Structures are given as structure tokens and as C-alpha cells.
Amino acid sequence: MGCACSASSFPGSLHRFGALRNTKAEDLTPRQKYILRETWNSVVEAYRQDLGISVFKRFLTMNPELKIYFKEFRSVPISEITDRHGHPNRLMTAIDEAVKEMGNSDTFYAYLYELGIRHGGFKLVISRTHFDDLRKCFVSCIMALLDGTIPFDNIEVEKAWTALFCTISTVMLKGISQHHSV
């Protein structure tokens, strides 16, 4: 899940994505959006790269059989994944884009849907389980990073990030499904 493509790359297609708002994705409350933006902004400046690396190390440790699907990681021990590997950065860019676009539903859903379509072209059939594992890794890593540094209740922060990832997963899986049905 990660791509440096900006949501603004496909503004002419936004009308196709209005129906995605009716997905079973968990709606984000204004409070959750606020928490997500505040916690993301406190992380993105100094720790974005380290967070992406930590998430991927944890994800591939949980799912070592998936490592072969990441060309840049195939011949690298998980413990040696560094900032020279692009996928952790692309994941952080995708999350950054999702956080930025939360207030603009059409752009938000369009970005995630198109990202799903692009992920549908991979040899690995990406499933809800893969997204759930990635969510668990991300939430665990960001909560460890934020521990004691934020003015919010940890449970509230964890629920907000979980809700965002559920939305990301649901919409991207619709895009993946669309790619496979073409």
C-alpha cells in the first residue's frame, strides 16, 4: 500500500467515486480526524522514515512469505531494511495523502480507490488479512512512537488510526476488486 501519486493526479475522474462513500468503511468523526491530523503532524516531521521502516520490518516478520513479492526486499534480511528501500516511504506517503484528504471525501476515496486498482496488478492477491496485519503493525508502531508525547487518550488515538486503516482497506480492496474484474 504505498504510492507517491497525488490525489490531484486524477481530478477528472472524481465523479466516479461518489458511490464509494457508501462503503462499509467506518466513518471518521470530526474528533478522530482532528486526532489523526495532530498525531500525524507530530510524527511526520521527525520520524516518518523510521516509522515506515519499523512498520515494514514488523509486517514482514509477521508475514515472511510475503517478502518475495517485494522486489526491493527479496535478497535483504528483514533486519536490514533501511531508508534506501522505497516501499516504507511509499507507505508513509500514502498515509500522508490519506490524512491530508480526509476532509475532501471525493478526493480521499478516489485516491484510495486508484491506489487499490494499481495494487490489483501485483502477482500477490492482496486480501483483507494483509491489510489487517499492516494496520496492526502500523498502529502498534505509531502508538509506541507517540507514547507519552500526545495530549490525547491512547485508546482514542488507537481507535482513530484503526478507523482510518479500516477505511483505507475497504476502499483499496474495492479498487483491487475492480482491477480483477476488468
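This is a dialogue on how to read several features of a predicted model.

Reader: What should I know about the numbering and the model before starting?
Author: Residues are numbered from 1 along each chain as its sequence is written, and side-chain values use heavy atoms, with hydrogens and water left out. The model is predicted, so to speak of local features requires pLDDT of at least 70, side-chain atom pairs count only at pLDDT 80 or more, and totals for chains, interfaces and linings use all residues.

Reader: How many helices and strands does the protein chain have?
Author: Helices (H or I, at least four residues) and strands (E, at least two) are DSSP runs, numbered from the N terminus. Here the protein chain has five helices and zero strands. Read from the N terminus, the order is α-α-α-α-α.

Reader: How much of the protein chain is buried?
Author: Buried means under 20% relative accessible area, exposed over 50%, and partly exposed in between, with a 1.4 Å probe and protein chains only. Of the 182 residues in the protein chain, 50% are buried.

Reader: Which residues have the most contacts inside the largest nonpolar core?
Author: In soluble globular proteins, nonpolar side chains tend to be buried together. A nonpolar core is a set of buried Ala, Val, Leu, Ile, Met, Phe, Trp, Tyr and Cys residues joined through side-chain atoms within 4.5 Å. The largest one here has 53 residues, and Trp-40, Phe-138 and Trp-161 have the most contacts inside it. Helices H1 (30–62), H2 (86–100), H3 (105–119), H4 (128–146) and H5 (154–181) each supply at least two residues of this core.

Reader: What is Trp-161 in contact with?
Author: Contact means heavy atoms within 4.5 Å. Leaving aside neighbours within four places in sequence, the partners of Trp-161 include Leu-36, Trp-40, Ile-95, Val-99 and Phe-138.

Reader: How do I read the span of a helix, and where does H1 bend?
Author: The expected span is 1.5 Å times one less than the number of residues. H1 has 33 residues, yet its end C-alpha atoms are only 33 Å apart, short of the 48 Å that a straight helix would reach. The bend at a residue is the angle between axes fitted to the seven residues ending there and the seven starting there. H1 bends by about 90° at Tyr-47. In H2, by contrast, the 15 residues should span 21 Å, and the end C-alpha atoms are 21 Å apart, which agrees.

Reader: How many residues of H2 and H3 are buried?
Author: H2 is mostly covered, with 11 of its 15 residues buried. H3 also has 11 of 15 residues buried, so H3 is largely enclosed by the rest of the structure. Among the buried residues of H3 are Phe-108, Tyr-111, Glu-114 and His-119.

Reader: Is Asp-96 buried or exposed?
Author: Asp-96, in helix H2, counts as buried because its relative accessibility is 12%. A polar contact is a pair of N or O atoms within 3.5 Å; within protein, one must be able to donate a hydrogen and the other to accept it, and residues adjacent in sequence count only if both atoms are side-chain atoms. The side chain of Asp-96 makes such a contact with the side chain of Trp-40, at 2.8 Å. Not counting residues up to four places away in sequence, Asp-96 touches Trp-40, Val-44 and Arg-48.

Reader: Are Leu-66 and Arg-84 buried or exposed?
Author: Leu-66 lies in the loop between H1 and H2 and is buried, with a relative accessible area of 4%. Arg-84 is also found in that loop, but at 60% relative accessibility Arg-84 counts as exposed.
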